[in-house]
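Q: Could you take a close look at the aromatic rings in this model and walk me through how they pair up?

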Amino acid sequence: MNLDWSIVWQSRGPLLEGALVTILLTALTMMIAVPGGIVLALMRGSRLRPVAWFATGFVELFRNLPLLLLVYWAFYVMPVLTGLGLPPFATGLAALCLNVSAYNSETFRSGINSIRRGQSEAGLALGMSRSEVFRQIVLPQAWRRVLPILASTWVSLFKDTSLVSVIAVGELAHTAMQIRSQSFRVLEMLTAMAAIYWLLGYPQAKIVDWIHRKYGVRE
Amino acid sequence: MTVFVRKNADKPPMLVYENVKKCYGTFMAVNGVSLHVNAGEVVCLIGPSGSGKSTLLRCTNALETIDGGEIRFEGKPLPTKDAEIRQIRQRMGMVFQSFELFPHKTALENVSIGLTTVKKMATEKARTRAIALLTKVGLADKTANYPANLSGGQQQRVAIARALAMEPHVMLFDEPTSALDPETVGEVLNVMRNLAQEGMTMIVVTHEMSFARRVANWVVVFERGQLLEQGPPQQIFEAPTIERTRDFLGHLGWSG
Amino acid sequence: MDFDFSPLIDSWRFLASGLGLTIVLSVTAVACSFVLGLAVGLGRMYGRTWLRTLLVFYIDSMRAIPVFVVLVWIYFAVPIISGYSFDPFWAALTGITIHVAAYVAEVIRAGITSIRKGQVQAGLAIGMSGAQIIRQILLPQAIVRMLPAFGSIVSVTIKDTAIAAVIAVPELMRQAETVAGQSYRPIEVFTTVMVIYFLLIFPITRLIDRYYIRVAHLGRS
C-alpha cells in the first residue's frame, strides 16, 4: 500500500473553505429553522383548523423523509416552483430548513406543552393577554426544556449538511470527495474528511452534553 | 420499682450493634451507636429527620457499609463478600418508604420474583406462596394488578408481602407509612401489628408515635446520629428520663 | 406544466425491488444496532475503566461524524487497507450499524440511569445479584422508558438507509435516482418516492408512540 498524506496538506485551502461552508450552512439553517419552528408550533396550536392542519401536515411530512431525498427533490422542484435557477447552496439550504424547521416545531411544541396549564391560567387571571402569557410566562419556562434538544439538533444538522454534497454544494464532504476523485488519493482524502468532521463535531458533542447537564430537566 | 425484662432476654440477641459509625464525607450520620434486638421483639427507632435512624437500618442489611464498629446478625458479624451478603439479605426483609415495587411486574410477580430468581423456586410453587401472602395482607383480589393500579397503602402491603416471601428472620421497616395518604396509613399499620402479634422480629423506623407506643416492645430515640435514650415504650412515652426526648415528643404534639 | 407518471408505472417492479431492499436493510440494521448498542451501553456503564473510556470515545466519535462519511469510508477506504472489497449492501449495513449502535447505547444508558436508586436497593434487599437486578429490574423498565427514543431511532435508521444510495446499494433511493435519470421525469419520480417513504416511516413511529402510551406505566417506578 503506498500512501501519500501530503495531498491533505496541499489541499488545506479548499478543505478549510469547505469546512467554513459546512459551518455557515449549519448556522444559517438554524437561524431560519428556529423562528420557523416556533411559527409552525404556534400554527399547530391555532384555533383556525386549516392553519393547524397545514402546519401538522408540513411537520409530519418533512420530518418523516430521508434528507437525501429531500435534497434531490428540492434540486428538481425548487426551480419549477420558484421559476428561478437557484444556486446549489440555496437549494441545499432550503432542503435543510424544511427538515430542521419540522424538527424544531416538535421540540417547541413539546416544550410548550410541558408547562402546566395552571401557569397560563395564572397569567390570564392577572389580566395578561394570550400573547403576553406566551411570551412572558410560557416561553421562558419552555426554553429550559427546549435548549438541550436544540443543541442536539444542531449537531445532527452539522452532520446532515454532508448530504447536500450530492447536489454539488461546495461544503466539506463535496470538496473532499472532489479532491479524492481528481487525485486518486482515496484513503488519504476520505480519512482526512472523517478526521476534520471528527475534529469539528467532537467538541460540539461535548458541549451538547454540558448543556444537557446544566439545563436538562430530570423527571 | 419493677425492673423491665426484655423479651427473650435469656437467649442470645438476634442483632447486635456495637459502636456503629457511618459517615458521608465529614458528616457523621451514625456516630457510635450500640444496641441490641432480641428475637421476637418489635423495636421502634424514633427521632427527628436526619438523626441517623434510617441510615442505621440500611446498614443492617448492608445497603450501606459501616465505617466503624460492628453489626452482628445471629451471632456473626455482617460479611463483606457479595455472595455472603446476599445470603444474609435473604434472611432480612426490608420495606421502603417509597414502596419500590417493580412497575413492570404484577402484584403477584412482585411477591414471587425473589422466590423464583433468588431461591430458584418452581414458578407454580412460588405462585401459590405469593397468593397466600397477598391473602394474608388482604390483597387476594389484587394479584393481577400492576403497581400503577394500586393505592399507596395497597402497594406498601404488596411490598411487605414481597419481603415476607423470603421467610426472613427479621423485618426492617424504613418509614413505611411516611409516603402514604392519611386514609391508607391504617391498613399498613394493621398488617404490621398482625405481624408483630405472630412474633416476627421487627425493626421499625417510624414517625407514627401511637404505633410505637402500642406495638413496640422497645423504643430507641435518636438524635444527631447518636442514641439519646432507649427503653420500653411506657418509659419513653410516659416518663422519658432525658430532657431532649421530652422536647422531641413535645414537638410532635405527644402529650404523655 | 404537465406531469407524466408513466415512467413510474413502467418501472414499478424496479422500484418495488428497491423498496424491498430498503425494508431488508432497515430491519437488519435496526436489529444489529440494537444488539451492538445494548452491549456497548452496558459495557459503558458497568465495564472496567479502560473499556468505558474506549466506548465513550467510540460513542462520541459517532456523534461527531456524519453517517455519509462513515459509509463512504467503509466502502472506499477499508478495501484499500484490508485488500478485501465489500459488497455495497454489507458496507451499508456495517456503516449504519456502527453509527446507529452508538445512539442505541446512549439511549439505553439514559434509560437505565433514569431509574431510581431505590429499585436497585429493593432488588438487593431480597438478595438479588447485580446481573439479576440488571436483567430483571433495570432493563425491563429501561426498555419501556426507551420506547419513544427507540421509535425515533427506527425512523432515523430507515432514513439513513437512503444514504446507502451514495455507495450504489440498489435500495429505493438509488432506484429512484436511476428511474429519474433515465426518464427525465425527476419531479414525478422523487415526489412519488417521497410519498412511499412517508407511508413507510410515519406509521411506524406512530405505532410505537401509541404502544408506548399503553405500556408507559410499566416503566414508571
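A: Searching the whole structure, over all chains, turns up 15 aromatic pairs; rings of Phe, Tyr and Trp (its six-membered ring) pair if their centres lie within 6.5 Å, and planes under 30 degrees apart count as stacked, over 60 as edge-to-face and the rest as tilted. One of them is the tilted pair of Y202(A) and F57(C), with 6.1 Å centre to centre and 40° between the planes. This pair joins two chains, because Y202(A) belongs to helix α9 (residues 186-215) of chain A and F57(C) to helix α3 (residues 49-64) of chain C. Helices here are DSSP runs (H or I, at least four residues), numbered from the N terminus. Y202(A) is buried at 16% relative accessibility, while F57(C) is partly exposed at 44%; buried means under 20% relative accessible area, exposed over 50%, and partly exposed in between (1.4 Å probe, protein chains only).

Now to chain C: F198(C) and F202(C) are stacked, since their ring centres are 4.9 Å apart and their planes at 10°. Both sit in helix α9 (residues 186-215) of chain C, four residues apart, about one turn of the helix. Elsewhere, ring pairs link Y72(A), F75(A), Y76(A) and F190(C) into a cluster.

Please keep in mind that this is a predicted model: local features need pLDDT of at least 70, side-chain atom pairs count only at pLDDT 80 or more, and totals for chains, interfaces and linings use all residues. Residues are numbered from 1 along each chain as its sequence is written, chains are lettered from A and ligands numbered from 1 in the order in which they are written, and side-chain values use heavy atoms, leaving out hydrogens and water.
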